[in-house]
Amino acid sequence: MKLRLAGKQNFYPSLALFLFIVFVVSCFQKANAQSTQVPNLIAPVQLNIDTTILNLNDFFIDPSKIDSITFSNNYKGHWNKDEFTVQIVAGNKLPALTELTLWSSSVPYAVLLKRSQKKVYEFTYNPRGKTYQSVQLAGEMNDWTPKKNNFKPDGNIWKAQVELNPGVYQYQLVLDGKWQLDPANKDSADNNNGGFNSIFKAGTGSDKKVVLTTLQVTKKGFTFSAENNYKEVFAYWQNYRIPVSSTNDGSRNDMEVRSEMLPWESTTMKKSFIRVYAYNDAGIANDLLIPLANGEIITDAKQLDRSDEHAMSIYSILVDRFYDGDSSNDQPVVFKDLKPKANYFGGDLAGITDKLKAGYFDSLHINTLWISPILQNPEGAYREFPEPHDWYSGYHGYWP
């Protein structure tokens with residue numbers, strides 16, 4: 001038998017086919033490598049107001065596989081290869097959204113970074129000639145823990161600086177251990193416990209944030225609008241940045257994401273997601289979550305199932321307060337100063353099971369239950385530290 005070399009006409013198509021097969025196999029292997037190193041969606045990271053330390057174990061199963069890191073020009077970043085951490089120092093001009101890119105085997109994994117919405121607010125107290133050893137703040141901003149915010153004397157005035165997100169906070173001042181309303185603040189609210197708390201309002205934001213709205217969805221792509229003048233739009237398939245094309249007709253900011261823009265690997269995944277984020281000077285917009293099946297956008301809810309965490313309709317149950325299915329196991333605390341509403345009601349797992357069998361949750365289209373802890377809790381009553389020093393039981397389950 002003689003060995004004959006293939007002629008030119010046969011050789012080059014064979015070589016092309018061979019190279020194509022190698023390419024497909026390598027892509028498939030790379031897709032598998034990606035899914036095993038970063039198996040889940042990387043959630044946006046909320047930065048601190050100054051310095052944030054990121055543990056790369058939170059993103060990669062094996063962070064030693066990270067080859068390099070790309071930092072944005074909007075902040076200072078430092079990568080500690082030995083400790084698998086990244087330090088990010090937020091500057092004064094940090095935009096509401098920015099990116100950190102982790103590279104592994106030439107594949108970029110994007111981590112979206114959210115600027116802290118916190119601002120520093122100064123609380124003051126004028127003792128008006130009285131002498132105190134300590135002045136503290138206790139409220140919703142510090143889990144009602146006075147030692148977390150100690151005032152310092154500045155001449156005749158006590159001052160404390162507190163970092164707060166936008167919102168409304170109830171609080172009291174603690175003067176040498178005694179809790180009281182802030183005499184310099186006339187804004188107060190009923191604490192639903194026989195008393196009142198002072199109210200502090202931190203910047204409540206703006207109604208001119210970007211609003212993302214899905215306009216049209218097909219298997220091949222979707223269009224969406226960004227109202228209120230966006231600064232930048234970030235779109236991702238899984239953890240990879242993808243392009244967004246503008247379809248702006250002059251009347252509004254319409255954009256489009258097409259399935260053909262997605263990486264080839266999307267066709268190999270039974271379930272994957274496109275996520276869209278945006279921001280402007282007023283803050284961060286609502287985000288969009290678009291599910292896909294084998295690279296095609298899901299347009300029929302029947303393609304989703306409850307094993308997909310993003311498709312869960314969750315009913316949160318405080319077990320003791322839900323339904324008493326077996327009164328024989330009721331054990332309310334016997335204590336004369338314990339008010340009935342602060343005692344055990346008798347709700348139990350039997351009650352949840354009864355409602356499951358009766359179709360109660362099906363009638364509400366609920367497919368997932370999130371129940372409170374079912375650990376052994378104290379069998380007695382405990383008195384709260386601040387006034388009016390009421391008594392409570394562990395009916396909620398959070399005192400194991």
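The largest cavity of this predicted model holds about 40 Å³ of space. A cavity is a set of points on a 1 Å grid over the protein atoms alone where a 1.4 Å probe fits but cannot get out, and its volume is the space filled by probe spheres set on the points, which are joined across faces, edges and corners. The count is 1 cavity of 30 Å³ or more. Ile 42, Ala 43, Pro 44, Ala 110, Leu 112, Tyr 236, Arg 275 and Tyr 277 line the largest cavity, lining residues being those with an atom within 4 Å of a point. Strands S7 (107-114) and S22 (272-280) each give two or more residues to this lining; strands are DSSP runs (E, at least two residues), numbered from the N terminus.

The largest nonpolar core comprises 43 residues, with Leu 102 and Ile 274 having the most contacts inside it. Such a core is a set of buried Ala, Val, Leu, Ile, Met, Phe, Trp, Tyr and Cys residues joined through side-chain atoms within 4.5 Å, where buried means under 20% relative accessible area (1.4 Å probe, protein chains only). Strand S7 provides the largest share of this core, 4 residues. Leu 102 is in contact (heavy atoms within 4.5 Å) with residues including Leu 56, Phe 59, Phe 60 and Val 111. Another core, of 18 residues, lies apart and includes Leu 137 and Phe 151.

Residues are numbered from 1 along each chain as its sequence is written, and side-chain values use heavy atoms, without hydrogens and water. Local features need pLDDT of at least 70 and side-chain atom pairs count only at pLDDT 80 or more, whereas totals for chains, interfaces and linings use all residues.

Key:
1 Å grid on protein atoms, 1.4 Å probe; cavity = no way out; pocket = protein on both sides within 12 Å on 5 of 7 lines; lining within 4 Å. Buried < 20%, exposed > 50% of the residue type's maximum accessible area, 1.4 Å probe, protein only. Lists of a residue's contacts leave out its neighbours within four places in sequence.
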